[in-house]
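Good morning, and thank you for coming.

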Amino acid sequence: MSTEEFDEEKFREEKAALEQSEETGEVKKKGNITIHDLPGIGPATAEKLTAVGFGTVMAIAVATPGEIVEATGISEPGARKIINAARTNLDMGFESGDQVMKKRERVTKISTGHKGFDAMMAGGFETGAITEIYAEFGAGKTQVGHILAVNAVAADIDNNPVVFYVDTENTFRPERIKQLAEAKGLDADKVLKCIKVGRAYNSDHQMLLVEKVEEMINEQQMNVKLIVVDSLTAHFRAEFVGRGTLAERQQKINKHMHNLLKIADTQNICVYVTNQVMSKPDQFFGDPTQAIGGHIVGHASTFRIYLRKGKKGSRVAKLVDSPNLPEAEVAFYVTEGGLQDV
Ligand code: GTP
Ligand code: MG
């Protein structure tokens, strides 16, 4: 949006009218509505909302008033009216179990390329959810990210699939994508074109990149399959050191996770995040490691997998938390062509 073209005066008029307006109910229109159909949203307001990433009724419906106020300059009562209008028209109340079941039908799975691993996940990593792998260094978290990226593209290669890869540790390797794609008999250049890599230089940048993804999805009709955030926690861990900073760190990670969950849920996209472990010196029994980010990350992740090094260079993935699948373990090797049976 260029500032010359944007009609500030019109926007001010619309803002004032919005504040004066009564709460309104349902839009009398069948089928899909756009933000232009919502009461109280004039053309200049619609343009403003779209420019800052609130271009769809869904994006507005799941926003908080504070987010709208901050992004647009609309007053809080105005923002509330807009959000209420979006919610009324999206029918965001309770759904019956069979309706939820119907929604679950749109869920697809992204294959890990390994039968046992896929079986443990009931077919693969789910869309509409966040799957977290936490593990020590060199366990294979980044490898799984590359494998999922290739398999996500492969599953829908003729429909311009898109994978967003937020790389915080500079470990994304196009050569590795090429190798994995070629092992599957795919056109490696075509696969590479579908993967959009964002290198995050610090935690704020990382959060911004995810917000940018949401904006891009709302503005352009993209066929996004997967978002990888590798690593979810490394920047936060490095930047917020010392006891006094813990609360702020957790708050930021919480917001970041909820942004990711919102995108996953509203757009039916698979989100894969990686996480480090730290040693728990007071733990005498079992595995003396625990994931970074504590309960915040654990609760926001739909599926949690603990990956560890096994015998003879193998890797063991254990599903430790899932809403609908039993705890289970699977072992494999990371090889040139992907994951292989032990
Ligand atoms: P950190 O990011 O350091 O926490 O580790 P990580 O869990 O992301 O580990 P990563 O996915 O980078 O795994 C590294 C391991 O994967 C290496 O030690 C290798 O065992 C294996 N690996 C990586 N690339 C290849 C490859 O091209 N061929 C084979 N056979 N193994 C590979
Ligand atoms: Mg890594």
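Predicted model: local features only at pLDDT ≥ 70, side-chain atom pairs only at ≥ 80, totals over all residues.

Let me begin with the ligand. How many residues surround ligand 1? There are 15 residues around ligand 1, and the closest are Gly-138, Gly-140, Lys-141, Thr-142 and Gln-143.

Several polar atoms of the protein lie beside oxygen atoms of the ligand. A polar backbone atom of Gly-138 is 2.7 Å from an oxygen atom of ligand 1. For Gln-143, a backbone N or O atom lies 2.8 Å from an oxygen atom of ligand 1. Gln-179, by contrast, uses its side chain: a polar atom there lies 3.5 Å from an oxygen atom of ligand 1. On its own, ligand 1 has 660 Å² of accessible area, and the protein covers 65% of that. Which elements give two or more residues to the shell? They are α8, α9, which runs over residues 174-183, and β12, which runs over 328-335. The largest share, 3 residues, comes from α8.

We now follow the chain out of α8. This helix covers residues 141-154, and the loop between α8 and β4, itself at 161-167, holds Asp-156. Is Asp-156 buried or exposed? Asp-156 counts as buried because its relative accessible area is 17%, and the limit for that term is under 20%. Beyond its neighbours within four places in sequence, Asp-156 is in contact with Pro-161, Asn-223 and Lys-225.

Asn-160 is also found in the loop between α8 and β4. With a relative accessible area of 62%, Asn-160 is exposed. Its phi is near 45 degrees, a positive value in a residue other than glycine. As background, most residues other than glycine have a negative phi, and most peptide bonds are trans.

Two further places deserve attention on this point. Lys-312, although not a glycine, has a positive phi of about 50 degrees. Lys-312 sits in the loop between β10 (303-309) and β11 (315-321), and is exposed, with a relative accessible area of 79%. As for the peptide bonds, a cis bond joins Asp-230 and Ser-231, with omega about 5 degrees. Ser-231 belongs to the loop between β6 (223-230) and α12 (234-239).

The buried residues of α13 include Arg-249, Ile-253, His-256, Met-257, Leu-260 and Ile-263. In general, an α-helix has 3.6 residues a turn, so residues three or four places apart point the same way. Just after α13, Asn-268 takes a positive phi of about 55 degrees.

Finally, consider Ala-61, which lies in helix α3, residues 57-61. Ala-61 is buried, with a relative accessible area of 0%. How are Ala-61 and Asp-91 placed, and what separates their C-alpha atoms? They are 30 residues apart along the chain, and the separation of these C-alpha atoms is 9.9 Å.

That concludes my presentation, and I thank you for your attention.

Technical notes
Residues numbered from 1 in each chain as written. Chains lettered and ligands numbered in written order. Heavy atoms only, no water. Helix = DSSP H or I, 4+ residues; strand = E, 2+ residues; numbered from the N terminus. Buried < 20%, exposed > 50% of the residue type's maximum accessible area, 1.4 Å probe, protein only. Contact = heavy atoms within 4.5 Å. Near = heavy atom within 4 Å. Polar contact = N/O pair within 3.5 Å; in protein donor to acceptor, adjacent residues only side chain to side chain. Areas by Shrake-Rupley, 256 points an atom, 1.4 Å probe, with all protein chains shown as cover.
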